[in-house]
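Visitor: Could you take me in for a close look at the aromatic rings here? I'd like to know what sits against what.

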Amino acid sequence: MGDRNIDNYGHYVVSAHKPTVVTHSVVGRFTGPDDLNLIIAKTSRIEFYKLTAEGLQGIADVPIYGRVSVLKLFSSANAKKDRLFLLTERYRFCILDFDAERGQLITLANGDVQDKVGRPCDDGHHGVIDPECRMIALLMYDAMMKIIPIDEKGLLHEAFNIRIDELSIRDMQFLHGCSRPTLAVLYEDTVKLRHFKTYEISLREKDLEVGGWQQSSLDRGASMIIPVPDPFGGAVVVGSTSVCYFSADASRQPIQAVKLQQTIIRSYGKVDEDGSRYILGDDNGMLSLLILAHNNQFIVGLKLEPIGRSTVPSSISYLDNGVVYLGSQRGDSQLIRLHAQPIDPSQQPPSHVEILETHMSLGPIVDFCVVDVERQGQGQVVTCSGVGTEGSLRIVRNGIGMIEQASVELPGIKGMWSLHNSLADEFDRFLVITFVGDTRILAINAEDELEEAELPGFDTDVQTLHCSNAVADQIIQVTQTQVRLLDASSRRLQQQWQPSSGAQINAATATLSQVLLASGGGNLTFLEIKDGVLAEVAHRQLPQEIACLDFTTIGDGSQHLAAIGTWTMQLLLISLPQMEQLREEQLGGEVIPRSLLFAEFEGERHLLAGLGDGHLFNFQLNPTTAALENRRKLSLGTKPITLKPFRSKGATHVFAASDRPTVIYSSNKKLLYSNVNEAEVNFMCPFHSSSFPESLALAKETGLSIGNMDEIQKLHIRSVPLGEQPRRLAHQDSSRTFAVALSQCLNLSGGEPFDCLRLMDDQTFESLDSSDLKPDEWVFSLATMTLGDSPHYYLMGTAYVAEAELEPSKGRILVYEVRDRKLHLVAEKETRGAVYNLAHFQGKLLAGINSRVQLFKWGQKEDGAWELTTETGHSGHVLALYLATRGDFIIVGDVMKSMQLLMYKPEEQKMEVRARDFHSNWMTAVEVLDDDKYIGAENSYNLFTVRKNSDAAADEERGRLEETGAFHLGDFVNTFRHGSLVMRLPDSEAAQIPTLIFGTVSGTIGVIASLNKQQFLFFEKLQACLRKVIKGVGGLDHAHWRSFHSERTTQECRNFVDGDLIEQFLDLDREKIEAIAKDMGGETSGEDLVKAVEEMAQLH
């Protein structure tokens, strides 16, 4: 790829949304002998779950430095729990165990099983493990099987290869109950007939011996072997029209079979340990129950019962009590429950399936566009996702949305609290709002409406600092001069307390039975609330003025720990009621803390400190020693932060109100920060009322709004089911519409399915109009653009697909205008081939048509009708699949011949080749990075960049696109688009970094950021330091994983850095952060590194 030129800046590649398509899933006892675990592989990530009474509990979500091709659980005879075998597409394997005490994955063995010679299997790797745990068999190359022996202790021995006669093996499985390891093989011969055969494997002879039973000429669609466990043994072969059971002893156990309606079975899952029932999932999402009827000795018959529709499963894992996990590569995955009786007898066939959970998947992303529909300066990604009837549009935006339910104009709010009418009540009744100099109370009335109310014991003529419900059905109100205790039922004042010093109260917080408050002069007072009584328990005067405070219960509940933020930028931990100082933490800087909060996330306690300049400190709290550990500092905004806890869907989260409001939440023991899609929020309080259940009240500069929060996650995803396959997507801002090209739509009149163009509203996604294509005409491209001085058009490129043609010889370009929210065909142009791509080019239309790039101009005929006429073109490509333009230059992505740069000469009205990449990359997407650099993705899951050598002296050098960067993404990119997922903030360095978004088959949305030389060298060095500290799961090597790899070449990663690895830096403890800072050299501190990485994380 040429010598490294360090003057070429590099690229930062990061996943904004991790892969979601499920390739494998297994069930077993991995984390402990008594645990039941579900383990899911999503291309290059593995998720571990434990089944609990509350459902699936996440244990770990880890990246794998490879694409998972085989995932199997196994255990030796005496083992109490299972081990995990994992193989990657690049022939690295590992065996993993789980250390329950440390909660960590352990690598027991790993290695490389790649051979120097051999043709890789067309349909990927097959890997099976002998039920007696004697060996692992891998089929990765045609006619060559690799055997890894396992001894009685579970240790691996040296692997060896065995030749196998069959070339086209569809499936293989080890059989149960065999004295010697016996492998069943399903294969296809040269005339496309399928056969079943068994082999016995001799470890001593290192050879295969043909087994005693075989079956010829099976169902032509036979694709799957299901090994039946003891006591019955044998195997089930699943075809497209029948399911058959075979046994080794054909004389005593005849072949059993059951007919199957023509279909393709995608996966199976075992229900019973004895293998008497299996769930089968087909290509249409129909689930069936296969029952092996038996007489306790032999299988006497097969029965197949349809049980309902679901997602199209790529894997089926039966958990327990009728609960089944369905992992899908074609749409959303599901957790379902099977019922003995039909849930909906009206359905045909009656459905026994209850969907418990839907796990949203974006994959495969076929196409997408970046739009700012709400015109807020923040891009949203709208994707064409799913396959077939699982097809949908997915609207993806960064941050959490608020669904507003009510709003009131009340400027100048200085605080808010919600109150119950009684502690026994389920819902909040009152919303207390304070201003400078007065307090107002809103209440839910009998009509479930919010209106102004009175609480007689409340002092409403002053600003309130705190109020809440208290023990014995009381209410506490803290003002700047006193603490007032009210009876909740009579709403009358019962007692009031005032500081003895007469100093003004500055800050206060309370639980049901205690109040902690700070008054001027550093006075800290701890009160206890009893029935009708406020009792002062402890008092201490600190040498510093107190800015903010909070306290929490520790130990057996009788002890409390207070956190005090001072005007001298200190954080003090003080025991209550002893008032003994336990810890002192210097926050540094010149900005005082404004809000403190003790919070618990997933059983781990934290102390959060919000500063006046929008920075947040996060400490882990050791409640036993009161130690503050793993100090983190990050920027959430630029204005003071106010922290408030709230609950949503059974979990506690924290709302950080600021000019950039943020929700702090936890996933897999990791704190995450997600923006709220709201303008500046000054205060927040939960308001769980009958009218507004699980709502939040937000105080803004202009007033109050009450609303519900969307699903709490970093990216908010909304689904628009289509029931058909979306192929291409375009957005037209002028008509406020989307156009979606749909493939193979169902014909309601009973004819052949057809492709069509559907027009949808860009806010509601309501279908407005559609235009059907001709029979055998397929959509290949879609774009929106202006042509000449005309209005915006939608343009669609098609091809007539005939079985007799290797490549389509005819197609059309259709030009539509949107008028009155309807599609109107303005013009059409016949073409000599498939229109693979359409692009706007200098007011004209550029199209990739088979092997030719063609330029059309737009004009009117004599009769006034508009038409496309050919201006010029360029031939010499294999297939011109992808086009991108900049100025007079056109970059062409070829199906086989990498990229070619064309230059258009308007004065001569012709195109000529300016430069080309001479490598034979099979392209899947291309885009322009800047005036001289271009990026491409190819079908071996790599990214690479090229640049034109405009300043080279020799013609040969100028005619070559020099490859400047290479990176193994490990995923198949379908589309690049310029744009950003986040709102660009002018005070952020990251705001100046140009970004490109890409979408992949596995459902990943990624961001590629172009870095200048200084930025790139910094992150490249940090990546090198991180590789020493963060080791890959299973001993898999990060540098090897990210090296450019295809069938033709393997080269080290160049001029790209892995943002996914770099952002793991934020999860490291303080000690490792400082060690990496030291390794970086220079004057870089750990805090500098954290800030730099957080800036990059803000890109997505």
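Visitor: Which residues form one aromatic cluster?

Guide: That cluster is made up of Tyr-12, Phe-1018 and Phe-1019. Before going on, note that this is a predicted model, where local features need pLDDT of at least 70, side-chain atom pairs count only at pLDDT 80 or more, and totals for chains, interfaces and linings use all residues. Residues are numbered from 1 along each chain as its sequence is written, and side-chain values use heavy atoms, with hydrogens and water left out.

Rings of Phe, Tyr and Trp (its six-membered ring) pair if their centres lie within 6.5 Å; planes under 30 degrees apart are stacked, over 60 edge-to-face, the rest tilted. Go by that rule and you get 17 aromatic pairs. One of them is Phe-841 with Tyr-904, an edge-to-face pair with 5.5 Å between centres and 75° between planes. Those two come from distant parts of the chain, 63 residues apart: Phe-841 belongs to strand S70 (residues 835-841) and Tyr-904 to strand S76 (residues 899-905). Strands here are DSSP E runs of at least two residues, numbered from the N terminus. Both Phe-841 and Tyr-904 are buried, meaning under 20% relative accessible area (1.4 Å probe, protein chains only).

Rings also meet charges. Arg-67 has its charged end over the ring of Tyr-941, 3.9 Å from the centre. Arg-977 does likewise with Phe-368, at 5.9 Å from the ring centre. "Over" takes NZ of Lys or CZ of Arg within 6 Å of the ring centre and within 35 degrees of the ring normal.

Methods:
Helices (H or I, at least four residues) and strands (E, at least two) are DSSP runs, numbered from the N terminus. Buried means under 20% relative accessible area, exposed over 50%, partly exposed in between (1.4 Å probe, protein chains only).
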